[in-house]
Amino acid sequence: MTPRKENLPIVFPANLRHFIDHRSGGRSHWHEEIEIQYVVSGTAQPLCNLKALKLFEGDILVANANELHAGNIAPVSNEFYCFHVNRSFFTNSLGGEYIVFENLIRDADCAAILDKVIACCKKGDAASRIESGKLLYEFFEILARRHTKNIMCEADFKKYFKREDKFNDIVKYIDDHIGEELSVKTVADKFFITESYLSHFFKKRAGKSVIQYLNEARVIKAKLYLEQYNIPIGEIAGLVGFDDINYFSRKFRQICGETPTQYRSSCRE
């Protein structure tokens, strides 16, 4: 099936987008709105905080404010809805406390509420718009009771946001220069920090090294080329920043469990 994206009417308090067999480029982004992805059929493999998550029917991804995330990065059949919750309606702040929710939510009650929200958005009348707001408050109430990852005071949350901004800028720089010659030194120099500080900061925040993330991001990009184009594998290696095709193939197999040639063949079966 051809990938399809449908923009449904903007309904307070969230705009709703509908995706069928969607495939993103794996490039992470962030924003101050909370984003909710809800899988209604098939599977999806989004990225959140540089970690690949596998979502099945009924699963929900919650990307908190300023958290890096990307849409489905795997060539799989799926149908999901995406909400961007307006900041005027809901932020992470509740009565002076700042809540960071879990990213992967498997909760039948939450899924049932989102089914109702989707139905309201499709109707689009005034009563349905009001009902959608009521339902989303119920949704966030359940998240707060069952799926809270962290609760912070305002001062700690501001520090958290500042760290997130720095981390996000580093990841964006790497993503923007993925096909170039990059090292821990070149990235550290760009941000006027030492290599040791960058390595420690990145590892603590991402749970992986700068080079490990760089290789993973390059392989995700390479997978897109392998799926969509007939260009030689050696050329793809160069496009994503690998000078040595043998090193590229080893890293690709280490990360994906198969060689680039095998991956290309499996995508076209």
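Me: How many disulfides does the structure hold?
Reply: The structure holds zero disulfides, a disulfide being a pair of cysteine sulfur atoms within 2.5 Å. This is a predicted model, in which local features need pLDDT of at least 70, side-chain atom pairs count only at pLDDT 80 or more, and totals for chains, interfaces and linings use all residues. Residues are numbered from 1 along each chain as its sequence is written, and side-chain values use heavy atoms, with hydrogens and water left out.

Me: Is cysteine 110 buried or exposed?
Reply: Cysteine 110 is buried, with a relative accessible area of 0%. Buried means under 20% relative accessible area, exposed means over 50%, and partly exposed lies in between (1.4 Å probe, protein chains only). Cysteine 153, at 39%, is partly exposed.

Me: What about the largest nonpolar core, how many residues does it have?
Reply: That core has 28 residues, and those with the most contacts inside it are Ile36, Ile60, Phe139 and Phe140. A nonpolar core is a set of buried Ala, Val, Leu, Ile, Met, Phe, Trp, Tyr and Cys residues joined through side-chain atoms within 4.5 Å.

Me: Which elements give two or more residues to this core?
Reply: They are strand 3 (34–42), strand 6 (60–63), strand 8 (78–85), strand 10 (97–101), helix 1 (108–123) and helix 2 (126–146). Helix 1 provides the largest share, eight residues. Helices (H or I, at least four residues) and strands (E, at least two) are DSSP runs, numbered from the N terminus.

Me: And which residues does isoleucine 36 touch?
Reply: Leaving aside residues up to four places away in sequence, isoleucine 36 touches Ile60, Leu61, Tyr81, Cys82, Phe83, Val85, Leu114, Phe139 and Phe140. Contact here means heavy atoms within 4.5 Å. Apart from this core lies another, of 20 residues, among them Ile170, Tyr173, Val184 and Phe201.

Me: How do strand 3 and strand 8 pair?
Reply: They pair in the antiparallel sense over eight bridges; two strands pair if DSSP finds at least two bridges between them. Within this pairing, asparagine 78 in strand 8 is the bridge partner of glycine 42. Strand 3 is also joined to strand 6 by four bridges, and these two run antiparallel. There, tyrosine 38 stands opposite isoleucine 60 in strand 6.

Me: What order does the open sheet of three strands have?
Reply: The order is 5-4-7, with antiparallel pairing. Strand 5 (51–52) and strand 7 stand at the edges with a single partner strand each, so one side of each is left without a neighbour in the sheet. Strand 4 (residues 47–48) pairs with strand 7 over two bridges, and cysteine 48 has histidine 69 as its bridge partner in strand 7.

Me: Changing topic, how many salt bridges does the count come to?
Reply: The count comes to ten salt bridges, where a salt bridge is a side-chain nitrogen of Lys or Arg within 4 Å of a carboxyl oxygen of Asp or Glu. In one of them, glutamate 67 pairs with lysine 149, with the closest N and O atoms 3.6 Å apart. This pair links distant parts of the chain, 82 residues apart: glutamate 67 is in the loop between strand 6 and strand 7 (69–70), and lysine 149 is in strand 12 (residues 148–152).

Me: Are those two residues buried or exposed?
Reply: Glutamate 67 counts as buried, at 2% relative accessibility, whereas lysine 149 is partly exposed, at 44%.

Me: Which residue forms a salt bridge with glutamate 164?
Reply: Arginine 205 does, and the closest N and O atoms are 2.6 Å apart. Glutamate 164 lies in helix 3 (residues 154–176) and arginine 205 in helix 5 (residues 195–206), so the pair ties together parts that are 41 residues apart in sequence.

Me: Lastly, which residues are buried in helix 9?
Reply: In helix 9 (residues 260–267), Pro260, Tyr263 and Arg264 are buried. They lie on the same side of helix 9, because they cover an arc of only 100° around the axis, the arc being that of the directions from the helix axis to the C-beta atoms. Their cover includes helix 6 (210–228), helix 7 (233–239) and helix 8 (245–256).
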